[in-house]
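This report covers the salt bridges of one structure. The sequence and the model come first, then the pairs in turn.

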Amino acid sequence: MIAEVGLAALWLAAALAALQMVAGFLAVRAGDETELAGLIRPAAVVQGVLVSISFVMLLWLFAVTDLSVKLVVANSHSMKPLVFKIAGAWGNHEGSMLLWVTVMALAGALIALVERRLPERTMQATLAAQGVVSLGFYAFLLFSSNPFERLPTPAAEGMGLNPLLQDLGLAFHPPTLYLGYVGLSVAFSFAVGALLTRQVTPDFARAMRPWVLGAWVFLTVGITAGSYWAYYELGWGGWWFWDPVENASLMPWLAATALLHSASVLASRDALRVWTIMLGVVAFSMSMVGTFLVRSGILTSVHAFAVDPERGSFILMLLTVYIGGALLLFGLRAGTVSEGERFAVASREGALVFNNVMLSAILAIVLLGTLYPLVTEAFDVRVSVGPPYFNPVGAIFTVPMLVVMAVGPLLRWRRDRLDRVRNEIAIIAALTLAAIVLFSLIAQVELLPLLGLALGLAVGVGSLLPLRGRKLTHVPIATWGMVVAHFGIAVALVGMASESAFSKERLAAVEVGQSTTVGPWTITLQGVEPVAGPNWTAIEGRIAASYAGGEPTIIDPQARNFWAPPQQTTESALVTRWNGQLYAVMGDRAPDGRWQLRLWWKPFVPLIWLGGLLVALGGVLALVGRVMADLKRREVVRRMASRRAEQEKLA
């Protein structure tokens with residue numbers, strides 16, 4: 001009965017999405033004269049409640065391991081820990097799509113409940129656009145990927161979840177990305193609504209900005225968590241490999257970063273109107289492209305869901321309708337959007353536009369490198385596109401973007417002169433040059449890591465300079481958000497460059513009691529023993545790791561064997577110090593009785609993920625600051641209106 005309740009709630013939510021869409025477009029066309037106008041907001045709210053019930057029913061089915069439901073049988077097992085049973089609800093194709101529409105419906109309900117800044121006609125158009133997007137995903141779930149499908153006969157046992165996904169980090173990685181994707185769908189709906197009503201105003205940008213900021217924060221957290229999961233779980237010692245599914249999350253983040261800055265300029269300075277609309281469409285387009293890549297079955301990846309071509313065709317059709325329709329609307333209406341306020345090239349707006357162009361170029365490079373192998377494979381030509389393409393080609397645009405990022409926050413709005421900030425520019429340039437000379441002398445560092453270290457220092461110093469001479473307790477929270485986010489970029493960049501420049505690797509075969517070295521570490525294999533978990537067995541190594549002759553730290557890397565489904569995985573062991581991280585992987589036993597160990601010493605590699613978290617924290621601070629500023633602005637407007645009303649009454 002649980003599955004039937006979930007499916008019924010999903011059908012009702014789809015019907016309300018259709019009502020929301022039709023009523024919204026009729027209201028935009030006919031104005032508030034249509035009787036359906038009053039149904040738009042309630043339909044969005046009730047839809048959010050119904051689809052939430054549907055998703056809770058799916059969680060329930062997985063929690064109790066209902067083996068009469070096809071999806072549970074394919075992705076769960078009675079002996080799995082409860083947390084992974086629940087995570088299995090979205091660790092598959094159907095469940096992840098239901099999570100997508102659940103978050104989307106809840107976002108639409110929240111908009112309908114709290115958003116009052118936009119003209120009602122624009123709000124109706126926005127909710128109508130949200131209804132269109134939701135309805136397509138409801139149709140996909142109900143007709144192509146039903147998560148509540150029953151089996152004719154209950155199974156004796158489930159097949160289990162992919163062992164690589166049975167990790168706490170990855171259990172919560174997909175929801176953060178979906179929250180980001182859905183936040184971009186809301187920005188897309190706002191952009192379409194503004195285009196339909198031709199009301200691209202600062203109020204529109206202020207209404208959209210919190211959703212873009214929230215989406216950007218969740219995407220940042222999701223990408224950071226996914227990178228760290230791949231680093232410690234897959235056992236290859238890398239934090240980013242330009243995997244197509246990694247790129248599928250990076251592309252929306254790049255577009256959202258550009259959109260965030262553009263929307264902030266429009267909200268604060270009434271400029272970049274067309275840029276904001278275009279980036280709203282592009283950002284959601286990239287999330288749809290990512291969805292297609294991950295769930296169409298055309299990719300082979302540990303992150304991807306291999307599904308049948310019918311589902312891939314359905315997603316491709318949705319992508320074509322949504323993105324094609326939005327781009328057509330943009331082409332028809334962009335000419336009617338006024339230019340907004342002008343600004344000089346030497347201004348903060350000018351710096352933001354330059355970096356938006358650079359971000360767009362990087363996005364195009366990543367998109368081309370991701371899709372090119374798929375295009376060539378259609379002609380029976382297999383090619384691989386990886387770091388040798390992405391790193392140097394992306395650096396062509398990343399380097400100037402980072403230079404402008406270091407200087408841009410120092411510039412004034414509207415119009416400025418570079419000689420006004422010549423002292424600050426001189427400080428940044430001198431530190432960058434000093435870093436290049438220093439690292440060139442003390443180590444043989446390749447060009448890209450050398451530039452990364454130098455520019456990381458430059459961006460870090462540049463991010464702090466806007467605080468110079470100001471009373472820190474009086475700095476707005478939103479400004480603190482910008483400072484922390486830019487400083488986080490610098491920290492992550494230093495971590496990336498250090499890992500690339502200074503890492504040491506050692507492949508060793510040792511007997512129990514023997515030692516080997518990697519970097520400043522001495523590694524001694526003290527023993528090997530079998531261990532067992534709730535749904536796996538493993539060979540566990542007991543290793544004593546001593547840094548520079550100091551007291552040893554005991555670590556226990558494992559080689560695990562899961563039986564539901566059968567698969568072997570590695571559980572790396574990490575030792576983190578202030579200046580880096582030791583990474584150890586347990587291998588197989590050689591015929592001569594020695595055990596294989598794979599060891600890395602990665603200086604300052606934790607800075608990559610610390611920087612990512614700082615970037616996300618900066619986004620949270622900016623979001624809080626912007627929301628508080630908007631509330632204050634609305635309170636001022638309310639008081640002024642109340643005062644005018646009192647004056648008119650007295651008159």
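R41 and E120 join their side chains in a salt bridge, at 3.1 Å from N to O. Here a salt bridge is a side-chain nitrogen of Lys or Arg within 4 Å of a carboxyl oxygen of Asp or Glu. Because R41 belongs to helix α2 (residues 40-63) and E120 to helix α6 (residues 120-143), the pair ties together parts that are 79 residues apart in sequence. Helices (H or I, at least four residues) are DSSP runs, numbered from the N terminus.

R41 is buried, with a relative accessible area of 14%, while E120 is partly exposed at 34%. Buried means under 20% relative accessible area, exposed over 50%, and partly exposed in between (1.4 Å probe, protein chains only).

## Basis of the values

The model is predicted: local features need pLDDT of at least 70, side-chain atom pairs count only at pLDDT 80 or more, and totals for chains, interfaces and linings use all residues. Residues are numbered from 1 along each chain as its sequence is written, and side-chain values use heavy atoms, leaving out hydrogens and water.

D203 and R206 form a salt bridge of 2.8 Å, N to O. Both residues lie in helix α9 (residues 202-233), 3 residues apart, about one turn of the helix. D203 is partly exposed at 35% relative accessible area; R206 is buried at 16%.

## Other bridges

In the salt bridge of R420 with D416, the closest N and O atoms are 2.7 Å apart. R420 is partly exposed at 29% relative accessibility, and D416 is buried at 10%.

A network of salt bridges links E4, D66 and R150. The whole structure holds 14 salt bridges.

Conventions. Helix = DSSP H or I, 4+ residues; strand = E, 2+ residues; numbered from the N terminus.
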